[in-house]
Amino acid sequence: MGPSKGEKEQESIILISDDEAESTLGNSVLLVDPSQKSALEEEKSEEVVDEECELMVTFCKQANVMPHARYDCTIHPFERTECDTCSPLEKNADICNQCYCYICDKLASECQNWTTPSLCHCNAHNKSKFWKDQRDFALAGVLVTFNLELTEIDADLRHGGSLLIKFIQELSVEYNKYLVGEKVPPAQHECFCLPKLLPGQCSVCRSRNMEVVYKYSGVFALVTSFLNQAERESPKAAAVMFLGAAKEIALHKDPSLSWQNLGHTDALKIAVPCLLQRITTQLQRMLVLCDFPKSLYEKFINFFQSISLPCHCFGFSNSLNVVPWDHVLLTTVLKGQNITGQRTQKGRKVFLWETLPVIEARVEKLVDKKSYKEVVRYLRAVKCNDTKGLRDLRDEIPFYLCKTADFLDAAHSLLFPVNSLACCTACRITPVQFEIYLKMFRTGSVPAGKDMLAPGPWVIVGSPLKDAVLIKQALKLLYSNVSLYRNPKCWSSLIMILGSSSFLEKSGHLHPLSLKEPPLDFQKLCA
C-alpha cells in the first residue's frame with residue numbers, strides 16, 4: 001500500500017547528490033520542510049545547478065526580507081555620493097518596512113533626520129568617510145575625539161561621555177558669562193565736571209571710568225564640582241571626564257588687556273594651572289593603579305598630548321608620560337637586576353625619574369599586593385624632583401624590610417641613608433616608632449596592617465635579632481637621634497623590651513620574663 005494523502009502532505013523533500021560515496025565532506029543530504037502555499041501559487045521551475053553532479057533545483061521560494069541598511073535595500077534603488085546632505089538623492093528617501101538608518105542605527109521610519117535639509121540621513125552609506133564619521137559620532141558621541149573604536153566603548157566609557165557632554169554645555173554658558181565681564185566703577189577718581197563733587201559722587205565721571213573685571217571664579221567652581229563628581233565614578237568614566245575637562249579649560253583665554261589683581265580662583269592664568277595640576281595628578285595615579293587595556297592606556301595619553309596647551313600651562317605638556325609597568329628599566333629594578341635605576345641607551349644614560357604622585361601610586365599598589373621587596377628596590381632606585389616627599393616615602397623602607405623578616409637589614413637601613421647626601425631615617429623617627437622597631441626586632445613579629453602605627457593584630461614573620469645585636473642597634477639609634485637620647489621614655493622602653501619575652505601576644509602586648517626563685521642559701525647570703 002502506498003502512503004495516504006495526509007502522509008504525503010507531511011513528507012519532507014530530500015535532495016541527495018549522486019556522488020555521495022565519493023564525497024569527503026560527509027553525508028550530502030538536505031532536508032527541506034514543506035511550507036504552506038500562499039493564495040498565489042508559486043511558480044515551479046527546473047534549473048540545472050551542476051551537470052557533473054546531476055544536481056537540479058526543482059522548487060524555490062522568495063526569501064523573507066531581513067533588516068538591512070537603506071543602501072542595501074533590494075526593493076528601492078540607492079544613489080551613492082560622498083557627502084550630499086542638502087536633499088534626498090534620486091529615490092534614496094524611499095524605504096521598505098525593514099530599512100534602517102545607517103547613522104542612527106534604528107528603523108528609517110523612526111529617524112527624525114531622514115529627509116531633513118543639511119542632514120539627510122537617507123543619503124548615508126558605508127563607502128563614504130564623511131558618513132562613517134557621522135555614524136561614529138552619533139553612536140559614540142564625544143568619545144569619537146578619543147579615537148576609540150566602537151568595539152572598545154563599554155558602559156563605563158559611555159557613561160563618562162554622557163556626563164562630559166552635559167558638562168561641556170554647562171561650561172559653555174558659564175564661560176560666556178566670564179567673557180562678558182563685570183563693570184565695576186573705580187573706588188577713587190577725581191571729578192572733572194563743573195560741580196567738582198567729592199570722589200565717587202559724580203555719576204558722569206563714574207560712567208566714563210567704568211572698569212571691566214573678568215572673574216573666572218564661576219568657571220572654576222563649575223569645573224571643581226565636575227572633578228569632584230569624576231572622582232566618584234569608575235576609572236574609565238573618570239578618565240574620560242578628567243581628559244575632557246582638561247581639553248575644555250585649555251581653550252579658555254583671558255580677554256583682559258592688562259593684568260588685573262585678582263585672587264587665585266578669579267584670575268584665569270592662575271586658576272587654570274591649578275585645575276590642570278589636580279587633573280594631571282589624578283590621571284597619573286589612575287594610569288598606575290588602574291589596569292586599563294594597553295590600547296586604551298595609549299589612547300588616553302595620546303589624547304592629552306594632542307591638547308593645545310596655552311603658554312601658562314606649558315609645564316604640563318609631558319605630565320602624562322608615565323612609565324608603564326612593563327617598561328624594561330622599571331621591571332629590571334623591581335626584579336632586583338638593576339639597583340641604581342639607570343641604564344645606558346644609545347650611548348646616553350637613562351634614569352628612572354618619576355613625579356611624586358606616580359611614586360606614591362606605585363608604592364600603594366605594590367603594598368596592596370604585599371610585594372614589599374619590590375617596594376624597597378623601587379624606592380632605593382627611583383629619583384624625583386620632590387626630594388622631601390621621596391625622603392618621607394623612603395623612611396618607610398625599614399618597616400617594609402621588617403615585613404619581609406629581614407630585621408638585620410631593617411636595622412641597618414635605619415642608620416644608613418639611601419642617598420649619601422641625605423641624613424638617615426634614625427634622625428627622624430619618633431619615640432613611639434623607636435619602641436615599635438625594638439618590639440619587632442625583639443619578637444620577630446610585625447603589625448598586620450600597612451601602617452606600623454595603626455592599631456591591629458601582630459603576626460610572626462621570622463626569627464628575631466639576637467640580644468647582643470639588638471642592644472648594639474638600639475644604642476646606635478639612641479646616639480643618632482638627640483631627641484631620642486634625651487627622652488627618658490626611650491631608655492625605659494629599651495629596658496622593658498629587653499626584660500620581656502620574645503613571644504608576643506596577637507594584640508601586640510609583651511610578656512615580662514619570669515625568673516625562678518633563688519636557692520635558700522643564696523637568699524641567706526644576700527639577707
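1. Asn147 sits in the loop between helix H2 (129-140) and H3. Helices here are DSSP runs of H or I, at least four residues long, and strands are runs of E, at least two long; both are numbered from the N terminus. The phi of Asn147 is positive, near 60°, and the residue is not a glycine. Asn147 counts as exposed because its relative accessible area is 55%. The classes are: buried, under 20% relative accessible area; exposed, over 50%; partly exposed, in between (1.4 Å probe, protein chains only).

2. Ground rules. The model is predicted, so local features need pLDDT of at least 70 and side-chain atom pairs count only at pLDDT 80 or more, while totals for chains, interfaces and linings use all residues. Residues are numbered from 1 along each chain as its sequence is written, and side-chain values use heavy atoms, with hydrogens and water left out.

3. Overall content. The chain has 19 helices and 14 strands. Of its 527 residues, 37% are buried. The accessible surface is about 32100 Å², and carbon and sulfur atoms hold 54% of that. Areas come from the Shrake-Rupley method with a 1.4 Å probe; for residues, only the protein chains shown count as cover. Take contacts (heavy atoms within 4.5 Å) between residues at least 6 apart in sequence: 60% of them join residues at least 24 apart.

4. Main core. The largest nonpolar core has 58 residues. Phe146, Tyr216, Phe292 and Phe300 have the most contacts inside this core. Two or more residues come from each of helix H3 (155-180), helix H5 (217-231), helix H6 (235-250), helix H7 (268-289), helix H8 (294-305) and helix H10 (356-368). A nonpolar core means buried Ala, Val, Leu, Ile, Met, Phe, Trp, Tyr and Cys residues joined through side-chain atoms within 4.5 Å. Apart from this core lies another, of 55 residues, including Cys384, Tyr400, Leu414 and Trp458. In soluble globular proteins, nonpolar side chains tend to be buried together.

5. Phe146. Which residues does Phe146 contact, leaving aside neighbours within four places in sequence? They are Leu164, Val240, Leu243, Gly244, Lys299, Phe300 and Phe303.

6. Helix H3. The 26 residues of H3 should span 38 Å at 1.5 Å a residue, and the end C-alpha atoms are 38 Å apart, so the two agree. The expected span is 1.5 Å times one less than the number of residues. Buried in H3 are Leu157, Gly160, Gly161, Leu163, Leu164, Phe167, Leu171, Tyr175 and Tyr178. Their cover includes H5, H6, H7 and H8. Gly181 follows H3, with a positive phi near 80°.

7. Helix H8. Its twelve residues should span 16 Å at 1.5 Å a residue; the end C-alpha atoms are 17 Å apart, which agrees. Leu296, Tyr297, Lys299, Phe300, Ile301, Phe303 and Phe304 are the buried residues of H8. These buried residues pack against H3, H6 and H7.

8. Strand E9 (residues 342-345) pairs with strand E10 (residues 348-351), antiparallel, over four bridges. Strands count as paired if DSSP finds at least two bridges between them. Arg343 is opposite Val350 in E10. Two residues lie between these strands, and Lys346 in this hairpin has a positive phi near 55°. Strand E13 (residues 500-504) and strand E14 (residues 510-512) are also antiparallel, with two bridges. Leu504 is opposite Leu510 in E14. The E13 and E14 hairpin has five residues between its strands, and Gly508 in the turn has a positive phi of about 100°.

9. Cysteines. Cys104 is partly exposed, at 26% relative accessibility. For Cys120, the closest cysteine sulfur is in Cys122, at 4.8 Å, again too far for a bond. Cys120 is buried, with a relative accessible area of 0%.

10. Two further sites. Ala405 lies in the loop between helix H13 (397-403) and helix H14 (407-415). Ala405 is not a glycine, yet its phi is positive, about 70°. Its relative accessible area is 29%, so Ala405 is partly exposed. Leu475 belongs to helix H16 (residues 467-480). Leu475 is partly exposed, at 31% relative accessibility. Not counting residues up to four places away in sequence, Leu475 touches Trp491 and Leu494. The C-alpha atoms of Leu475 and Trp491 are 9.4 Å apart, across 16 residues along the chain.

Technical notes. A disulfide is a pair of cysteine sulfur atoms within 2.5 Å.
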